[in-house]
Every structure is written in structure tokens, then in C-alpha cells.
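My entries follow in the order I worked.

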Amino acid sequence: MPRTKGDHEARRHAVSEAVWQVMATRGFAGLTLRAVATELGATTGLLTHYFPTKRALLEYALDLLEQRTLARPRRRPGTGLAALRDALLDILPLTPEATDRNRIWVSSWDAALCDSALSAEYARKYAAGRDRLRERVAAAQELGELPPGDPASTAAAAQSFVLGLVVQALFAPAEFPPRRQVELLDGYLDGLAAGGA
């Protein structure tokens, strides 16, 4: 009986879920065709139909991570300092899903640092993130909620702060539970609003 397009899409979805589960539990270092095949309950031969090389698997995993990151629910759209806060909260590992996403992202840095093309792609993504934050900083400045200054510099500092907080929360979750992450972020933003950062 010939396979339908729906069968192929269902299989791709199942493969995507297996790749995601392996990354969430084993990190990027544990992402192998064998691990994905085991998670899927399939053979590595079946997976080579989708990923002929480890590089193809890595590229797919990064694309999947970006798709899930962009598709996740966001906090309410707003303006000013509240919108900047919401954008930064969206980055933090405040839920189990966000923790998995951040664990995968941080574990993927090793692969990106060893590959110039991936490294350039990561640099592009972080720059795009800073641009989105810069727009929110500029809006907060226009509303008088943040002091005047270079919004790009403030956005870079805010991104650096929140990414550092992500790493702390991943490595020391008992010391940086969600409530403390939010408190630290709010303290940082209070400092920005007061002109201290």
C-alpha cells in the first residue's frame, strides 16, 4: 500500500518530537542518530532517510528549536517598560517548557562555537533579539519610563543580563527558582529606570 503525504508528515512530526526529547534530556552533546532512533523506537536506517549526516540532524534540531521558540505563546503585547519586561520574562526558564528550551539552547552553544557557519547564525539571532529589545527600550524612553541614552546599548546590557540569569537558573535551579528570577529581573529594571545601569 503506497504511503500518503499525511504518513510522511506524521513521521516527520514523530521524528521532530524524538529529536526534541533527546535534546531536552541529553542536551546537544547527546543528540545522535542512535539516540533519536531509540527514542522513536525505530532503526538508524530509517532516520538516515531524513538525516543523511550528523550535520543534517544538527541543522534540523536548530531549526526545530527556532520554530518552537518563535511559535511559543508570548505575554501580552504592550508598550514601554512593561513590554521590555515581558520580552525579557519570555526568555527566562520560568516553566518546565521554558527550562527545556533553554537547556537545549545553552547545550547547543558548544556545537555553534565549533562551527563557523553555526556561530555566524547564532550571532545573527542574538543581534535580531537585541534589535527587538532596542525597539522596546526606545519606546520606554519616549514614554519617560527609562532615562535617555543609547537604546542599543541598553538593549545589549538587558540581553546580557537575562542570558546570564538563564545560565545561573539552569545550573543552580534551587538558588534561582522562577520567583527569584523575576525578582532579580525586576530589580535590574528598577535600576535601569532609576538611571543606574
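Predicted model: local features only at pLDDT ≥ 70, side-chain atom pairs only at ≥ 80, totals over all residues.

**Entry 1: helix axes.** I then looked up α6 and α7. Their axes lie 9 Å apart and cross at an angle of about 135°. An angle over 145 would count as roughly antiparallel, and 65 to 115 as roughly perpendicular. Therefore α6 is oblique to α7.

**Entry 2: who meets whom.** I listed the residues on both sides of this contact. From α6 come Trp105, Ser108, Trp109, Ala111 and Ala112. On the α7 side I found Leu118, Ser119, Tyr122, Lys125 and Tyr126. I sorted the contact by class and got seven nonpolar, two polar and one charged residues.

**Entry 3: ring pairs.** How many aromatic pairs does a search of the whole structure find? The search returns four. I took Tyr50 and Phe51 to begin with. Their pair is tilted, with 6.4 Å centre to centre and 45° between the planes. Both Tyr50 and Phe51 are buried.

Next I turned to Trp105 and Tyr122. This pair is stacked, at 4.8 Å centre to centre and 10° between the planes. The pair links distant parts of the chain, with Trp105 in helix α6 (residues 96–113) and Tyr122 in helix α7 (residues 116–142), 17 residues apart. I checked burial, for which the limit is under 20% relative accessible area. Trp105 has 16%, so Trp105 is buried. Tyr122 is at 5%, so Tyr122 is buried too.

**Entry 4: Trp109.** Is Trp109 buried or partly exposed? I read 26% relative accessibility, so Trp109 counts as partly exposed. Trp109 sits in helix α6. Leaving out residues up to four places away in sequence, I found that Trp109 touches Tyr122, Tyr126 and Val167. Leu192 is 83 residues away along the chain, and the two C-alpha atoms are separated by 29 Å.

**Entry 5: a charge over a ring.** I looked up Arg180 and Phe176. The charged end of Arg180 sits over the ring of Phe176, 4.7 Å from the ring centre.

**Entry 6: helix α2.** Which residues of helix α2 (residues 33–40) are buried? My list reads Leu33, Ala35, Val36, Ala37 and Leu40. I then stepped just past the end of α2. There Gly41 takes a positive phi of about 75°.

**Entry 7: the whole chain.** The protein chain has nine helices and zero strands. From the N terminus on, I read the elements as α-α-α-α-α-α-α-α-α. The C-alpha trace spans about 65 × 35 × 30 Å along its principal axes. Of the 197 residues in the protein chain, 39% are buried.

Conventions
Residues numbered from 1 in each chain as written. Heavy atoms only, no water. Phe/Tyr/Trp six-rings, centres within 6.5 Å; stacked < 30°, edge-to-face > 60°. Buried < 20%, exposed > 50% of the residue type's maximum accessible area, 1.4 Å probe, protein only. Helix = DSSP H or I, 4+ residues; strand = E, 2+ residues; numbered from the N terminus. Lys NZ or Arg CZ within 6 Å of the ring centre and 35° of its normal. Axes fitted to C-alpha atoms, helices over the stretch in contact; angles between N-to-C directions. Parallel < 35°, antiparallel > 145°, perpendicular 65-115°, else oblique. Contact = heavy atoms within 4.5 Å. Nonpolar A, V, L, I, M, F, W, Y, C, P; charged D, E, K, R; others polar.
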